[in-house]
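Welcome! We will walk from stop to stop, selecting a few residues each time.

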Amino acid sequence: MPSRRRARNDPGQYDDLAGEWWRPGSPLSMLYWLARARARLIPPAERDGAVLVDLGCGGGLLAPHVAGKGYTHIGVDLIVSGLEQSAAHGVTPVLADVRHLPFADGSADVVSAGELLEHVPDMPRVVAEACRILRPGGWLVLDTLADTALSRLIAVRLAEAVVPAVRGIHDPALFVDPRRLRAECARHGVPLDVRGIRPALPALARWLVTRRNAVPIVPTFSTAILYQGRGRKGSQ
């Protein structure tokens with residue numbers, strides 16, 4: 001369980017929860033559901049040797065959902081306990097800061113940033129790095145939390161009341177306005193389409209009672225809480 005003495009958004013909370021990445025019914029289950037939904041935005045590889053760079057890969061939850069798409073899957077994180085689990089699921093682990101990626105320009109066919117941007121203190125720098133390593137024609141896929149009062153209510157106050165193990169895992173001051181995110185991506189040659197998403201409510205209600213079965217993530221009309229983005233880098 002996360003220590004109540006930790007500051008909000010302390011990365012050490014993921015070490016506290018290291019045994020929960022893959023456990024059915026764990027407090028990190030939402031990350032697994034989101035990874036499955038994010039994988040649907042990733043097309044099959046268009047060439048031999050294609051590379052998918054998974055920023056903030058955590059325990060490698062994206063891995064089973066992209067395993068048959070033809071990519072070398074590289075996971076980047078600062079949490080060693082998460083990278084060890086990523087490696088066990090077929091991800092090539094890289095210990096690095098997402099603000100300073102150790103990859104050449106244009107070296108990735110896909111960059112995934114799942115539930116990452118709401119944890120970083122310098123979102124523009126991370127976006128710039130993600131776009132820098134993306135090759136022309138490559139895809140950026142992401143999901144994150146919106147910078148709204150409704151998002152803070154649902155994703156922080158309500159979520160922490162219902163699942164106390166995730167208390168403090170988010171700092172709402174870092175939540176991301178989708179308009180600002182789109183502008184940052186556009187500055188680096190990636191026009192980003194965004195759409196709101198949410199858990200399917202009947203399935204979520206069942207999960208809260210049983211802690212069994214994955215909950216589908218479905219589109220919704222509003223980007224006021226949780227949203228996905230996908231964009232393709234233009235030719236240079």
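Helices (H or I, at least four residues) and strands (E, at least two) are DSSP runs, numbered from the N terminus. This is a predicted model, in which local features need pLDDT of at least 70, side-chain atom pairs count only at pLDDT 80 or more, and totals for chains, interfaces and linings use all residues. Residues are numbered from 1 along each chain as its sequence is written, and side-chain values use heavy atoms, with hydrogens and water left out.

**Stop one: a histidine in a helix**

Select histidine 65, which sits in helix H3 (residues 63-66). Is histidine 65 buried or exposed? Histidine 65 is buried, with a relative accessible area of 19%; buried means under 20%, exposed over 50%, and partly exposed in between (1.4 Å probe, protein chains only). Now show its contacts (heavy atoms within 4.5 Å). Leaving aside residues up to four places away in sequence, histidine 65 touches Tyr32, Ala35, Arg36 and Ala39.

**Stop two: salt bridges**

Side chains of opposite charge can pair when their charged atoms come close. A salt bridge here is a side-chain nitrogen of Lys or Arg within 4 Å of a carboxyl oxygen of Asp or Glu, and a search of the whole structure finds 15 of them.

Select arginine 47 and aspartate 109, a salt bridge whose closest N and O atoms are 2.7 Å apart. This pair links distant parts of the chain, 62 residues apart: arginine 47 is in the loop between helix H2 (29-39) and strand S1 (51-55), while aspartate 109 is in strand S4. Arginine 47 is partly exposed at 40% relative accessibility, whereas aspartate 109 is buried at 5%.

Next, select arginine 132 and glutamate 129, where the closest N and O atoms of the salt bridge are again 2.7 Å apart. Both lie in helix H5, three residues apart, about one turn of the helix. Arginine 132 is partly exposed at 24% relative accessibility, and glutamate 129 is buried at 10%. Elsewhere, salt bridges that share partners join Glu46, Arg47, Asp109, Arg135 and Arg232 into one network.

**Stop three: the cavities**

Rolling a probe the size of a water molecule over the atoms shows where empty space is left. A cavity is a set of points, on a 1 Å grid over the protein atoms alone, where a 1.4 Å probe fits but cannot get out; lining residues have an atom within 4 Å of a point. Grid points are joined across faces, edges and corners, and a volume is the space filled by probe spheres set on the points.

How many cavities of 30 Å³ or more does the structure hold? There are two. The largest has about 50 Å³ of space, and its lining includes Glu46, Tyr71, Asp109, Arg135, Trp139 and Arg232. Strand S5 (134-145) gives the most to this lining, with four residues. The lining divides into six nonpolar, two polar and four charged residues. Here Ala, Val, Leu, Ile, Met, Phe, Trp, Tyr, Cys and Pro count as nonpolar, Asp, Glu, Lys and Arg as charged, and the others, Gly among them, as polar.

For the second largest cavity, of about 40 Å³, select Ala113, Leu117, Val126, Val127, Ala130, Leu140, Leu142, Leu181 and Cys185. Helix H5 (123-133) supplies three residues, the largest share of that lining. By class, the lining has nine nonpolar, no polar and no charged residues.

Methods: 1 Å grid on protein atoms, 1.4 Å probe; cavity = no way out; pocket = protein on both sides within 12 Å on 5 of 7 lines; lining within 4 Å.
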